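Subject: Structure handover

Hello,

Here is the structure for you to look over. My notes on what turned up follow below.

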Amino acid sequence: MRTASRTAEHVALFRALETRRRDRLFADDLAIRFLPARYRWLVRSAALPPLGHRIARIIDRRYPGGPRTSAVARTRLIDDLLAAAEPDQALLLGAGYDSRAHRLPGMPLTYEVDHPLTQRAKRQRVADRPHVRYVPVDLAADRLVTALDGFPRKRTAVVWEGVTNYLTEEAVDTTLRDLVAITAPGSTVIFTYVDRAALDADTPWHRVVAKVGEPWTFGFRPAEVPGYLVERGLNLKGDLSAAEAAARYHRHEPAAGFYRIAWAEVR
Ligand SMILES: C[S@@+](CC[C@H](N)C(=O)[O-])C[C@H]1O[C@@H](n2cnc3c(N)ncnc32)[C@H](O)[C@@H]1O
């Protein structure tokens, strides 16, 4: 990455737009801060319901397959999984413009780990809080276990949302092993992935991430995930597509079948 993540900006846009809906699945009031002026203007316009629906429809038509709807569904599902985990501490890995440390009630001490360029951009827009610690790491070059030297080995909820698809197979493997090494048994690892069968498809969604310099590079086949995790000290607890997650919240706008949210427990 040569700049702060553009895909993190896209997710913040989808969350900011969702926040303006009357039937919103969550409220992320910080998301708008991470957006450039042209997107902020769009979000403010979306506060008027007919315009909000129209903007959503235009995005969904331009990027069919559901990047917006999938980001919204995964955000809400992960909010709920994080709350249910009741962790002693949280680790947002590849945190981007995730504002859970600020917006979810009762968040424990939260470590935000991200690529240095994205993390720097985030810290310019959000005030430091005593329960949030920032750790810059380029997972393509550095080991998590080294960057998080001294990380307390407690029951942790890890959120690794929207990141594995931008890494190499080796970085995903090493990072998962590091997560198991540094967290206590009973910890939860929530991660998203792209179904490998769809990794090389040629859709507007695939094209836009490639165009902003963040092409998808990694995916799992859903059937291999349970065994892959067992080999690394984790037991899979659930694995839903974004489309299934959206249905769980009665959101009847098409979301992706190939974009998946999985959660696992450290043994
Ligand atoms: C699509 S964004 C998702 C951000 C956030 N988790 C969310 O869901 O809002 C991808 C994130 O992965 C991070 N990322 C990509 N490659 C990385 C790397 N090599 N090391 C660390 N973070 C990386 C980016 O900085 C960015 O924050």
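**The second largest pocket**

The lining of the second largest pocket holds five nonpolar, two polar and six charged residues.

Before going on, the ground rules. This is a predicted model, in which local features need pLDDT of at least 70 and side-chain atom pairs count only at pLDDT 80 or more, while totals for chains, interfaces and linings use all residues. Residues are numbered from 1 along each chain as its sequence is written, and side-chain values use heavy atoms, with hydrogens and water left out.

Back to the pocket. Its volume is about 180 Å³. The lining has 13 residues, and Arg-20, Arg-21, Arg-22, Gly-52 and His-53 lie nearest the centre. Helix 1 (6-19) and helix 3 (49-62) each supply at least two of the lining residues. Helix 3 gives the most, with four.

The terms are these. A pocket is an open set of points on a 1 Å grid over the protein atoms alone, where a 1.4 Å probe fits, with protein on both sides within 12 Å along at least five of seven lines; lining residues have an atom within 4 Å of a point. Grid points are joined across faces, edges and corners, and the volume is the space filled by probe spheres set on the points. Helices (H or I, at least four residues) and strands (E, at least two) are DSSP runs, numbered from the N terminus.

**Salt bridges**

How many salt bridges are there? The count comes to 24. A salt bridge here is a side-chain nitrogen of Lys or Arg within 4 Å of a carboxyl oxygen of Asp or Glu. Burial comes up below too: buried means under 20% relative accessible area, exposed over 50%, and partly exposed in between (1.4 Å probe, protein chains only).

- Arg-21, from the pocket lining, forms a salt bridge with Asp-23, with the closest N and O atoms 2.9 Å apart. Arg-21 counts as buried because its relative accessibility is 12%. Asp-23, at 42%, is partly exposed.
- Glu-253 and Arg-68 meet through their side chains at 2.8 Å, N to O. This pair links distant parts of the chain, 185 residues apart: Glu-253 is in the loop between helix 11 (242-248) and strand 7 (259-266), and Arg-68 is in helix 4 (residues 67-85). Glu-253 is partly exposed at 21%. Arg-68 is buried at 4%.
- Arg-100 and Asp-79 form a salt bridge at 2.6 Å, N to O. Arg-100 lies in helix 5 (residues 100-103) and Asp-79 in helix 4, so the pair ties together parts 21 residues apart in sequence. Both count as buried, Arg-100 at 0% relative accessibility and Asp-79 at 7%.

Arg-100 and Asp-79 also belong to a network of salt bridges.

**Nonpolar cores**

The largest nonpolar core has 34 residues. Leu-77, Ile-190, Trp-205, Trp-216, Phe-258, Tyr-259 and Ile-261 touch the most other members. Elements that each supply at least two residues of this core include helix 4, strand 1 (89-93), strand 5 (188-194) and strand 7. Helix 4 gives the most, with seven. A nonpolar core is a set of buried Ala, Val, Leu, Ile, Met, Phe, Trp, Tyr and Cys residues joined through side-chain atoms within 4.5 Å.

Leu-77 touches Leu-240, Ala-245, Arg-248, Tyr-249, Ile-261 and Trp-263, not counting residues up to four places away in sequence. Contact means heavy atoms within 4.5 Å. Another core lies apart from the largest one. That core has 32 residues, among them Val-158, Ala-171, Leu-234 and Ala-262.

**Exposed residues**

Which residues have a positive phi although they are not glycines? Glu-86 is one, at about 40°. Glu-86 lies in the loop between helix 4 and strand 1, and is exposed at 61%. His-250 is another, at about 55°. His-250 is in the loop between helix 11 and strand 7, and is exposed at 63%.

Last, Arg-120 sits in helix 6 (residues 116-123). Arg-120 is exposed, with a relative accessible area of 54%. Arg-120 and Arg-33 are 87 residues apart in sequence and 14 Å apart in space, C-alpha to C-alpha.

Best wishes

Terms used:
Nonpolar A, V, L, I, M, F, W, Y, C, P; charged D, E, K, R; others polar.
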